[in-house]
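Here is a friendly walk through one protein model, meant to be read with the structure open beside you. Shall we take a look together?

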Amino acid sequence: MDIDDILREVDPTFHSIPQEKRDLQELTRAWIAERSAPELLHWPPNNLFDRITSQIKHQIEKVEALTGDMDPKTNFALIVIQTELERYRYIVRSFLRARLAKLDAHALHYLSTDTLRARLSDMELAYATRHQALLHNHYLSSFLSAFPGNLQNLNDAAGGISMIETPDLERAKERFPAL
């Protein structure tokens, strides 16, 4: 339980806020948190992205239905709906780009343990696995095949030094010392 949960329990207006608005607020919080964190955070729970995707599809259908009408009031409503649609799409794209950038940079790290794998969505897990396999095959065909067999692993930890690159948590602590 965090502070948001406590505030929701004591806030009498919480249940009067429409689900779409709560979903947008939750998505925005997840987006800001993901962009600020040095490591991948857990995938948003409670099918948030399914609901957001459904809302985006509904808005697209609404835009298509209103497009043929030449009424000035309808055109203004169409502009407002399109603006809201673009805001949703921007936040979703930016959130996913931030996650994919972290995943691309540290794929072996996130695939190394079950705890870290649990942070990924099913699609991200499939992407990271396939990405890492392609990268490993590329390295094998480029230069790793010239090395002895015991030196061809990308996740070697010989000599007490891990070859798996991890997110730089120390740099994050320097940037945000209060945390």
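## A residue in a loop

Let's begin with N47. N47 sits in the loop that links α2 and α3, and its phi is positive, about 55°, although N47 is not a glycine.

N46 is also in the loop between α2 and α3. N46 has a positive phi of about 60° and is not a glycine either. Its relative accessibility is 57%, so N46 counts as exposed. For background, most residues other than glycine have a negative phi.

## About the model

This is a predicted model, in which local features need pLDDT of at least 70 and side-chain atom pairs count only at pLDDT 80 or more, while totals for chains, interfaces and linings use all residues. Residues are numbered from 1 along each chain as its sequence is written, and side-chain values use heavy atoms, with hydrogens and water left out.

## The overall fold

The protein chain contains 8 helices and 0 strands. Helices (H or I, at least four residues) and strands (E, at least two) are DSSP runs, numbered from the N terminus. Of the 179 residues in the protein chain, 28% are buried.

Contact means heavy atoms within 4.5 Å. Taking contacts in the protein chain between residues at least 6 apart in sequence, 63% join residues at least 24 apart.

Helix α2 has 18 residues and spans 26 Å from its first C-alpha to its last, close to the 26 Å expected at 1.5 Å a residue. That expected span is 1.5 Å times one less than the number of residues. The buried residues of α2 are R22, D23, L24, L27, A30, W31 and E34, and they pack against α3 and α4.

A nonpolar core is a set of buried Ala, Val, Leu, Ile, Met, Phe, Trp, Tyr and Cys residues joined through side-chain atoms within 4.5 Å. The largest one here has 13 residues, among which L27, I52, I56 and V92 touch the most other members. Two or more residues of this core come from each of α2 (19-36), α3 (48-66) and α4 (72-105), and α4 gives the largest share, 5 residues. Not counting residues up to four places away in sequence, I56 touches L85, Y88, R89 and V92.

## A second core around Y110

There is also a second, separate core of 7 residues, including Y110, L111, L116 and L120. Y110 belongs to helix α5 (residues 107-111), and it counts as buried because its relative accessibility is 0%.

Which residues does Y110 contact, leaving aside its neighbours within four places in sequence? They are P38, E39, L40, K102, L103, L116, R117, L120 and P167. With L40, the side chain of Y110 reaches the backbone nitrogen at 2.9 Å.

## How α4 meets α7

Helix α7 (residues 122-142) packs with α4 at an angle of about 35°, with their axes 10 Å apart. Axes are lines fitted to C-alpha atoms, for helices over the stretch in contact, and angles run from 0 to 180 degrees between N-to-C directions. On the α4 side, R99, L100, L103 and D104 make the contact, and on the α7 side E124, Y127, A128 and H131 do.

Definitions and conventions: Buried < 20%, exposed > 50% of the residue type's maximum accessible area, 1.4 Å probe, protein only. Polar contact = N/O pair within 3.5 Å; in protein donor to acceptor, adjacent residues only side chain to side chain.
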